[in-house]
Amino acid sequence: MTRTVIESKSKTVVIGFDEPFCVIGERINPTGRKKLAAELELDDFSTVEQDAIEQVACGAMVLDVNSGAVFTNKMAEDPRYADNNFVEPTLMPQLIKCVQGLVDVPLCIDSSVPGALEAGLEAAEGRPLLNSVTGEEERLELVLPLVKKYNVPVVAISNDDTGISEDPDVRFAVAKKIVERAADFGIPAHDIVVDPLVMPIGAMATAGQQVFALVRKLRDELGVNTTCGASNVSFGLPNRHGINAAFLPMAIGAGMTSAIMNPVRQVEMEAIKAANMLMNHDPNGAQWIGFSRIVDAVKEGASFPEAAKAAAAGGGGRGGRRRRR
């Protein structure tokens, strides 16, 4: 079975077909979050700290750390701040050191800037996941050497120089190309986690069917683990969390092994916990029983993050297995 190993200083998370679904927390990302970007511009990491703690308490096994901030005020004073190649290589290690000082789960280093990826790799403890490489020639030549140099797994996004295809066969071909090019660098397929690109169901009625079929094909023919931005499927629709909560177990049943998502949403996490049990990835239902206690606390008036943090403080561990010494 394919096993993608991700590590922090003290914990190991394994993404795999016979493992519990890996929840990668998405919230440490200033893209589209003006308040967070404004805080970071002032060297204020309080929201990052809160998001790190809450996400792990709610069930995130890995935390995605994205450095794509726009510093509006600094940009007006210094034109260099309009360039992410200037901003992100400095911001990324600051974010990583902040998060690593608070939680002990592995990290996913997320940037479109190669300099930020390498700065993050240098700052990260353990074996983080790198996010991401695409099938674009320039990106392959820039990112795959980093993957090899630091011996880390990488998210492979199924688009190339022609853009994002609506044809799932084209997206599969791009994923295959990335796996083959990675092999040329000595990077094994088990260190490639393919994002097959989930399309919005509101714009493409067959988007769900497409991605389920594509995940099965990636598993059966390439033997790779998979991930996605789970909320993409519900973009533009009302009651998005209900759609996401239906999508995730169906994707898990098709063979998807991880997702970059918001773990602070109870309905999605409940769906994942149930899917793990139904897939026989929750021995004796221990995780489901523990989660049910959190749900009971929510019914009694606590918020989901509050109840989850109280459960974690009471000994309900999160985020993976302890590394062997």
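Contact here means heavy atoms within 4.5 Å, and the model shown in these views is predicted.

Figure 1. Take contacts between residues at least 6 apart in sequence: 71% of them join residues at least 24 apart. Twelve helices and eleven strands make up the secondary structure of the protein chain. With a radius of gyration of 19 Å, close to the 20 Å that the globule rule gives for 325 residues, the chain is as compact as a globular protein of that length. Its C-alpha atoms fill a box of roughly 50 × 50 × 45 Å along the principal axes, and 54% of the 325 residues count as buried.

**Figure 2. The largest nonpolar core, 52 residues in total.** Val48, Leu63, Val99 and Leu130 have the most contacts inside this core. Helix H4 (residues 84-100) gives the most to it, with seven residues. There's also a second, separate core of 29 residues, and Phe21, Phe212, Leu248 and Ala307 are among its members.

**Figure 3. A closer look at Leu130 and what it touches.** Leaving aside residues up to four places away in sequence, Leu130 touches Ile109, Leu117, Leu121, Val143, Val147, Val152, Pro153, Val154 and Val155.

**Figure 4. The largest pocket, with a volume of about 930 Å³.** It is lined by 37 residues, and Glu26, Asn29, Gly229, Asn232 and Ile260 are the closest to its centre. Elements giving two or more residues to the lining include strand S3 (22-28), strand S4 (62-66) and strand S10 (258-261). H9 provides the largest share, four residues.

Definitions and conventions:
Residues are numbered from 1 along each chain as its sequence is written. This is a predicted model: local features need pLDDT of at least 70, side-chain atom pairs count only at pLDDT 80 or more; totals for chains, interfaces and linings use all residues. Side-chain values use heavy atoms; hydrogens and water are left out. A nonpolar core is a set of buried Ala, Val, Leu, Ile, Met, Phe, Trp, Tyr and Cys residues joined through side-chain atoms within 4.5 Å. Buried means under 20% relative accessible area, exposed over 50%, partly exposed in between (1.4 Å probe, protein chains only). On a 1 Å grid over the protein atoms alone, a cavity is a set of points where a 1.4 Å probe fits but cannot get out, and a pocket is an open set with protein on both sides within 12 Å along at least five of seven lines; lining residues have an atom within 4 Å of a point. Grid points are joined across faces, edges and corners, and a volume is the space filled by probe spheres set on the points. The radius of gyration is taken over C-alpha atoms; the globule rule is 2.2 Å times the number of residues to the power 0.38.
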